[in-house]
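Student: I am new to this structure and would like a close look at one part of it. Please take me through the sheet.

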Amino acid sequence: FSFSWQTTFQDGGEEVEDGAVYNVTLKKVQIQQAANKGARWLGGEGDQLPPEHTVRQYETSKIRAIKAGTLEKLVENLLTAFGDADFSYISIFLATYRAFASPRAVLELLLDRFGNLETSSHGEVANLNSLESEMVLRAEIASVLRAWLDQCSEDFREPPDYMCLLKLLDYLKNNMPNSDMESRVQNLLKQFQNQEVEAVDGFCSTSSSDLVDGEELEISNPEEFSSFQDHVVAEQLTYMDVMLFRRVVPYHCLGSIWSQRDKKENKNLAPTVRATITQFNAVTKCVISTILGTRDLKIQQRAKIIEKWIHIAHECRILKNFSSLRAIISALQSNSIYRLKTTWMCVSKDILLMYEELSEIFSDHDNYLTSRELLMKEATSKFANLDSSEKENQKKSQKRLQLQKNKGVMQGTVPYLGTFLTDLIMLDTALQDYVEGGLINFEKRRREFEVIAQIKLLQSSCNSYCLIPDQKFIQWFRRQRHLTEEESYKLSREAEAAADTNILSPKSQKSMVKRISTLFLGTDVFTPPKEQPLKSSPVGGSSGESTDSASVSSCEFNHSETEDVCVTPVSSPEDPLKKSSVGSDKGYDSDKGSVSSDKGSSSSKGSVCEAGSGSDSSSIPPREPGPAAGSAPRALPVYNRQSEGSCIIRVSMDGLQASVYKSILITNQDRIPDVTQRALLKHNLEPDAVEDYELVQVISEDKELVFPRDANVFYGMNSHVNFDFILRKKA
């Protein structure tokens, strides 16, 4: 017989049980059956029969996917999900449960309530005889535990007592003695006990504590930096990024986890994410230090260093290292570098075109759609897909790419983690943790897992890299003394002042200005950005991390509600001397996901980690269609757009940088006291002090919209400008 089948899905509504709500999908399979021997006689080609000589059978099955439930029901569902055909449930639960429960609480429920045959009320085995019940339950428990150890073994790293691991070991000795699982848990316990507890700096490859005794931090020597070949620098930066990204624990990126990082008691929270941010900021600071650190450089020498970093960024693009690529671009677009207009005039046209193309990758258009699409396109590809509108750059790119292919080694992909932190903060802000009846909203966790799964996929792709550490470069990189924002700004002004006194003749200077303005602005008039005095940046959170924003700055990963990645606004692709939304002298602020500038301006929103910041709906990955999916979810509220009576606004505290903000979900029913109270809570301030503050929307640099005490924020706000607000203490 030959068979062919066609599958269709139909929404089956919801099923409500005590403590749980399920989405039901009906899976209908049409099976077409025919006898091979009679196929040709009846006029069929191959195994295909005419329609009148086939037998059609229909088989319908029900798929149940838990939508919301108590913790007890969610844990019990770990044992029944496979039978309900919800095959991804275990992975989703394990990747996201830390948002609503602890490993100990889940383990106790799993082993004590459902893993104990005598007291278990596990419905699936209730009608089986005792032996069958024990076998089925043991197999289900073993399956869940195996998945837990495979996917999330770090959950059991609880020095110095390792209570959960010891409890699990005791359970296995009593119920599955001498099993492979038991020996595996014993080995894991020994492994944890033999390892030092990894502190935050333990994950950071750029920590000054890694220096050899007696070695001091130093400002980069231009000659020493120039001695490193461009591709070597890119490979070593990629090596460090890969090592850190592979260590990232996915649940550390969850919005509900990451948004708590700036609290005093959580200074060691999410160390694996903090480490990637620290590395990102170290790269941006290194770029700035090499360009500005030596006072007596000539204009052409400084321009050569900028060109070298652009070439290194291009090599990072070939290696599909989007993290260091963005860090370098952010540094070049930072406040202290973009203002070096005379130096930029000495950068060759071909290099400027290359810089423009690399910058366009991180354009904030449509919520960074270009970088998102490129990342997903190349996530599992063997090599980068390089396109250039400039012929000479295209030739160089293809030549370098061909060298990579000739080596026969596939490349992985290192993402800009801020993108995912932004999406997860957005999801956490837009979706409720609990639904009616106090049930845990597991639909929210399914949406979060769509982002987590992308992170895991990229981590897996990083295994394709085959990079060898160059200790000479790594030691040089670690020795670099990073300039503060004040130092870099001062040196930038000195360098520009010196350049104005003794370089180009008026004629050649006019020619240069015209060339750059034509290249980036499309006009013959070049207007340098208005220079503003540097403002000292306050420290928000631990280690200078900011709060809710995920902005990325070239110097410091400033974390806030999204991520502590702070990158200063990068110059826009249209004008390398004009600030854009990618880099600045701040850092990677993971809460905002945007890049902030050292001026505190936020011309470009939602960059790196703008988890709390809003963006287009594209900031949240579309839900994959699947059999377990119910009706299409409503559009989620986003930043800078009012939709279906709700939106997301950013609220910063007066006196702090605009890059340090909290993302607040408001509806058309919210008035000033409600929004003010939520903003105070988000900023870890006393919520009862509502009467002491006023809420102000920032319209422009010199205009603000002050709301009356009982105003409706949703209808009263100006929807034609950024949804940026300031919470200011009343005089």
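Predicted model: local features only at pLDDT ≥ 70, side-chain atom pairs only at ≥ 80, totals over all residues.

Tutor: Residues are numbered from 1 along each chain as its sequence is written, and side-chain values use heavy atoms, with hydrogens and water left out.

The order is β9-β8-β12-β10-β11, in an open sheet with mixed pairing. Strands here are DSSP runs of E of at least two residues, helices are runs of H or I of at least four, and both are numbered from the N terminus; two strands pair if DSSP finds at least two bridges between them. At the edges are β9 (661-667) and β11 (703-706), each pairing on one side only. From one strand to the next, the twist averages 40 degrees.

Within the sheet, β8 (residues 646-653) pairs with β12 (residues 724-729) in the parallel sense, over four bridges. Valine 651 has phenylalanine 725 in β12 as its bridge partner. In general, strands of a sheet pair through backbone hydrogen bonds, either parallel or antiparallel.

Two helices lie across strands of this sheet. Helix α23 (residues 672-682) lies across β8, β9, β10 (693-700) and β12, and runs at about 150 degrees to β9. Such angles run from 0 to 180 degrees between N-to-C directions, with axes fitted to C-alpha atoms, for helices over the stretch in contact; contact means heavy atoms within 4.5 Å.
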